[in-house]
Structure formats: structure tokens, C-alpha cells
Amino acid sequence: MQDALKHKVAYAGPASVSVEPASAATPPAAPSPPRAHPGAREETRETRAGGRPPGIGAARTGLNAVTAWFQAKAYGLVVGTIGLALGLGLWQVLSVNKVNAFINFSNVPRPGLVFEAFVKQAFNPVFYVHIEVSVLRIAAGFLTAAVIGIALGTLMGRSKFGAALFAPYIEIMRPIPAVAWIPLAILMWPTDEASIAFITFLGALFPIVINTMQGVEQTPAVLVRAAKSLGASPLQIFWNVILPAALPSIVTGLAVGMGVSWFSLLAGEIISGQYGIGYFTWNAYSLVDYPDIIVGMLVTGALGTLSTALVRLAAHPFLKWQRRAR
Amino acid sequence: MEHVVSLTDRLASIGGRRSSAGRGHIRVDGVAITFGSGRKAHHAVMETSLDIKPGEFVCILGPSGCGKSTLLSSIAGYVRPSSGEVIVDNVPVRGPGPERGMVFQQYSLFPWKTIRENIVFGPKVAGRPKAELEAIGATFLEMVGLAKFAQSYPAELSGGMQQRVGIARALANSPSVLLMDEPFGALDAQTRLMMQESLLEIWSAFGITVVFVTHDVDEAIFLADRIVIMSASPGSVIADLKVTLPRPRSQDMATTDAFMELKRACHERIRAESLKAFAQQSQ
């Protein structure tokens, strides 16, 4: 979320009118103030770009960058590790002593047992089939949602008619949880596989549509005007102006959508199917194999985090201009 | 200044489409612009006619809210006049077009495109071949003295540098008319003076028609062949003054008698109108 905010702020820089009050804490990326003197034109030109002419950035990579990265991350790593250790310790104490004070820990396996179960599964080929099936379902549902969501969001952001036509659907369908769709999905789609992919798709769709729409709406009007006066066609304006302007917002939508598609998938897999990490988790419960429940949960969390990171990584090269603006 | 002239020769060699001579005749024919209708109607520009000769540098001067930017927008094609029409080189304006380059007040560069990509945007969407884009990019980067920043992004440049890129981007598209909407309004005083000088150099090299909107009297006198003064609510032209100061101009002309005389004339007209408007408002 912090990342999402940062994207918004940096993007809003050129059009500071649209900066939301909530994001005002981080100053928008304003261009460095001009430091020119009419008499000293040539000298000032070299120093005016905020001390960052091209080339310097490249030279700074290497050892310096690695050190800087560690310094920047060290605090988070140290505190995060301590926090995790405390949590594990608490889990250990509660589960070993079978604490039963309103919340019952007597059936919760201790961390060591979960780790053993994880190692056992790591050598079990079937476990990888579960993961593979889930990943393929996510890929199908999420990619479909990305294509349709970006198209729909752009349409709604650019056209009053489009917004008016689709807004009621989005508003009504958005709060419906994935689980609620399961009966209808099973009735509507020919195979279980299709109904699970459909539920995954729905989970990812709404965050993508809404974020794309917002990003498109916030495209500075002056940039569209500039492109028009330079002779760009509507399609060229879309590719060169609207899409890049909305991209930070779209990436946020995709990242959020990826998370939602994972928990939609799990809901779908618990109800139907014979494979998938959600099925694995639920099946472990049915078989009274408690450590495997937690293995399934943690693997789901890891896969979700990993796939969200992949989304951000894929967008990374296209957002270079934002990072350079700092 | 000389390097600008030699650049023009090079520009001429790029496809031989730089001959702006004779082009850029603007006729504003009885243009009136009203926003809204009925009782809520706001008359932004009252019926206005102007004839701007090819190669002329015209400043539209007036207080904020006098409709000068709206009038410029109608020439640019962003705003359809409620009546009358704008005709550029015998073609009625129906919308924005590449023959009318536009420079905005600020932040109009594409933040996700490098300086070079911004400059060649017009020729690129027009489908010019790659080699030509290379040449145009190099030439215009040199013209505005920013060759070193070809691969930088706009946010890495100062406001003055960004505006130079904005001018280069408009000119790289070889328009016959350059429309400028308070382009130096957001710059500090010193950068502003420097930009005015660069603009005049570029203008004399290109021989392009310039319509420049400003609320700064000194800026208008320093730049223009002719100053069109507008008054506020409803926007209308109240004076059309010739600026006879010799060219090339330099900033020290600001202390000459001729300059002072013009300045006094402008201020007088504007003050008279402001008083009128003030009296109307306080009624």
C-alpha cells in the first residue's frame, strides 16, 4: 500500500492539481528550481539538472548501490526478523502448552511439526502438482482479468457513456465475495476447471478495472491537448499518453488484483476440484493432518507474495521515468 | 545567435519542409466564445476580429480572466467559437492540428518520454522515417542547448529547460504558427528574461508567426511586433498597438524612452479598463 501511495504521488507530480490530500505527506516530484543567470548561461546549463546529468546514475551502480540497498533495507530486515522470531516463539509457547483460553490452541501443531511436514511435502511430487494446478488457474484467471479489466477501465475512464453503462455492474458486483459466486459458477460453466478460473478472474477483475479507470481519469488534460496539437491520432494518444499516464495506477490495480485472485482461487478450490493448493489445505483438514493445513496456508501466502512481486517486476522497466524523477 | 541561423540551414535540408515563409496567416473573423447558455451563459470572448500577418509576432496582453487564453485556444482549435471562425492559411480551424504548434504554461512535456522522444513526438506520429527523426532530434536538441539531456526525463530538468524543450517540441513539427499560452509565467524573473531572448532568436531564425499570450507588459513590449490588449469580462480587444522598437532587441532597451512610452500607453489602457471592471464588481 505504501508502494501504491508512492506511485500515485510521483505520478501526480507534473499535475500537482490532482494530488490527493492523503498523499501530501510525500512531496510530489517537482522539477528542480531553475538556477540560471542570464550572464552565466553556459556554465549553469551543466549544473542545472539537479546535479544528475545522464551517465552519473549508471556510474553509481555497483558496490555503492549494493551498500546503499543494504543500508536502506537493513532496518526493515532487522526489525522484521525480530518480529517474526517473536511470533514464532509465541506460537511455540501457546501450542506446546495447549493453551485453551477462548481461542483453543490444543489442536494447533507447533512450528517444528509444521516445518517437518513442509520438508516432507517438499519431497512429494504430488505437492508440486497441487502448486502447478493452482498457478495455472491463477495465470488463466488473472491474465484474462488483466486484459478485460484494463480495456474496461480505460473505456470507463475515457467515455462518459462507458462509465454510465458499466458503473452499476461494477458497483453491485464488486462487494460480492468470491465464495458467493461458487454455486452459480458451478451451474454456469461446463467444467469445474472453468468455474474455478472464472472465480479467480472475478477476484482480480474489480481492482484492475477501478484502478485503471482512476489512472485514466487522472491523465493531465494538458498532455492530451499537447499530443493533439502535435498531430497524434486518438489511438496514438492512447498508447503514448493515456496508457503511460495511467500505468502506475494500473500496476497498483494489477498487484492488488493478483492478491485477490489468490484468495478467490482458494475459495474455489476448497469447494470443488481434486488438485490445487486450496484443495490440499482443505483435504489436510478432512484427513486430520493439521500440520499440512498450515503448510498449505504458508505456501499460498508465499505464492501470492511472489506473484505480486512478479507483477511489479514486469512493470518496472516501464516506470523508469518515475524513479528518475526523484 | 549565429549558431541558430546556421541551424536553420540544416533544418532546411531536413526534407526541405521548413519554408515557413508566406505561411502562418491567421484571420480571427468575428469570433465570440460563450460558455454555457441561457442565464448562466458566460461570455468569455466578445466578438473579436484580428488579422495576423505571416511571420508576425503578436502578443495578446491582458489581466487574468480576460479571455486571452480562450481566444488562443480557439486559434489552437481546442475551443469552438460560438460564432465567427478562425482561418489559418485559408483553412478554417476545426480542431487542433500539427500546423499550429502549441506551447503551454508548464508541465506539458510527456513525463514518461525522454527529452529526445518528446522533441520528435510530432514527426514520429506523422510517420517520418527513423533517420529523419534522428536528424530532427539532434538538431532541435542543439538548438535549445540541451543535447546533453537527450536521454533525461522532463522531471530531471529545471522549469526553464523544460519550457525550451516545449518550444523545441512544437517547432520540430514544422508548424506555420506557434501559439504560446503564458509559456514563461511559471519561471523566475531571470530565467524568464533569458527565455525571452532565446525565443526571439529562434523566432527570427524560423520566420514563423507567433501568438503569445501574457499578462506581463514588459514581456509583451520586449517580444512583440504588435500588442493586442484585452479587457476582462466580457473579454474584448481594447487596443491594438504597434511596437516599433528595432530588432534585434536586447533587455537594456527596457530603459529607452520609446519603451517607456509604450509601457505607459499599455498601462493607461489597462488601468482604465481595470477601474471600469472594478467599479462594475463593487456595484
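## Burial and fold of chain B

A residue is called buried when its relative accessible area is under 20%, exposed when that area is over 50%, and partly exposed in between, with a 1.4 Å probe and protein chains only. By this criterion, buried residues account for 56% of the 283 residues in chain B. The model is predicted, so that local features need pLDDT of at least 70 and side-chain atom pairs count only at pLDDT 80 or more, while totals for chains, interfaces and linings use all residues. Side-chain values rest on heavy atoms, with hydrogens and water left out, residues are numbered from 1 along each chain as its sequence is written, and chains are lettered from A and ligands numbered from 1 in the order in which they are written.

Chain B contains nine helices and 10 strands, where helices (H or I, at least four residues) and strands (E, at least two) are DSSP runs numbered from the N terminus. Of the contacts in chain B (heavy atoms within 4.5 Å) between residues at least 6 apart in sequence, 71% join residues at least 24 apart.

Side chains of opposite charge can pair when their charged atoms come close. Over all chains, the whole structure has 17 salt bridges, each defined as a side-chain nitrogen of Lys or Arg within 4 Å of a carboxyl oxygen of Asp or Glu. One of them pairs B:Asp29 with B:Arg27, whose closest N and O atoms are 3.2 Å apart; B:Asp29 is partly exposed at a relative accessible area of 35%, and B:Arg27 is partly exposed at 32%.

B:Arg226 and B:Glu56 also meet in a salt bridge, at 3.3 Å from N to O. B:Arg226 lies in strand S9 (residues 226-231) of chain B and B:Glu56 in the loop between strand S2 (42-52) and strand S3 (57-61), so this pair ties together parts that are 170 residues apart in sequence. Both B:Arg226 and B:Glu56 are buried. B:Arg226 forms a salt bridge with B:Asp240 as well, the closest N and O atoms being 2.9 Å apart; since B:Asp240 belongs to strand S10 (residues 236-242) of chain B, this pair ties S9 to a part 14 residues apart in sequence. B:Arg226 has 9% relative accessibility and therefore counts as buried, whereas B:Asp240 is partly exposed at 41%. Through shared partners, salt bridges join B:Lys53, B:Glu56, B:Arg226 and B:Asp240 into one network.

## Annotated spans in chain A

In an unreviewed entry, UniProt lists several stretches of chain A as "transmembrane region", including residues 195-216 and 237-263; such positions are given in the numbering used here, feature names are shortened, and annotations may be inferred rather than shown by experiment. In the model, residues 195-216 of chain A are 100% helix and 0% strand, with end C-alpha atoms 31 Å apart. Residues 237-263 of chain A are likewise 100% helix and 0% strand, and their end C-alpha atoms lie 36 Å apart.

## Helix packing in chain A

Two packed helices are described by the angle between their axes and the distance between the axes. Here axes are lines fitted to C-alpha atoms, for helices over the stretch in contact, and angles run from 0 to 180 degrees between N-to-C directions. Helix H8 (residues 178-188) and helix H11 (residues 234-271) of chain A pack at about 50 degrees with axes 9 Å apart. H8(A) and H11(A) are therefore oblique to each other, on a scale where angles under 35 degrees are roughly parallel, over 145 roughly antiparallel, 65 to 115 roughly perpendicular and the rest oblique. In the contact, A:Ala178, A:Val179, A:Ile182 and A:Ile186 of H8(A) meet A:Ser264, A:Ala267, A:Gly268 and A:Ile271 of H11(A).
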